[in-house]
Amino acid sequence: MLGATRGNSTIYGLDVNTEMKEIRKMMGICPQHNILFPKLTVREHLSIFSDFKRNKSMSKKEVEEDIENLLIDLNLKAKENMISKNLSG
């Protein structure tokens, strides 16, 4: 992301120039179009979005455990290595 060139901005009272770490804990992604990348697998998608959102203090092992749990919770374990363009629905 680009830093501000001038001025001030806040989100829920938090300064975007100095408190982005706290702000990111409250943010999510709401795409307006299909956000799937056609050449990535289901697991790779979860991994890349984890990089966008995760707490940077999490270890690689903790991230992998979270991805594994998501695959199970979303009933996608059987399709984890399927390329997204081959998914239906």
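The legends below describe an overview and two close-up views of a predicted model.

**View 1. Overall fold of the chain.** The chain holds 3 helices and 2 strands, which are DSSP runs numbered from the N terminus (helices: H or I, at least four residues; strands: E, at least two). Along the sequence, these elements follow the pattern β-β-α-α-α. The C-alpha trace spans about 50 × 30 × 20 Å along its principal axes. Of the 89 residues, 15% are buried (buried means under 20% relative accessible area, exposed over 50%, partly exposed in between; 1.4 Å probe, protein chains only).

**View 2. Surroundings of Arg43.** Arg43 belongs to helix H2 (residues 42-53). Because its relative accessible area is 18%, Arg43 counts as buried. The side chains of Arg43 and Glu80 are joined by a polar contact of 2.8 Å (a pair of N or O atoms within 3.5 Å; within protein, one must be able to donate a hydrogen and the other to accept it, and residues adjacent in sequence count only if both atoms are side-chain atoms). Leaving aside residues up to four places away in sequence, Arg43 touches Glu64, Ile67, Glu68, Leu71, Lys77 and Glu80 (contact means heavy atoms within 4.5 Å).

**View 3. Loop residue Tyr12.** Tyr12 is located in the loop between strand S1 (10-11) and strand S2 (14-15). Tyr12 counts as exposed because its relative accessibility is 73%.

**Notes.** Residues are numbered from 1 along each chain as its sequence is written, and side-chain values use heavy atoms, with hydrogens and water left out. In this predicted model, local features need pLDDT of at least 70 and side-chain atom pairs count only at pLDDT 80 or more, while totals for chains, interfaces and linings use all residues.
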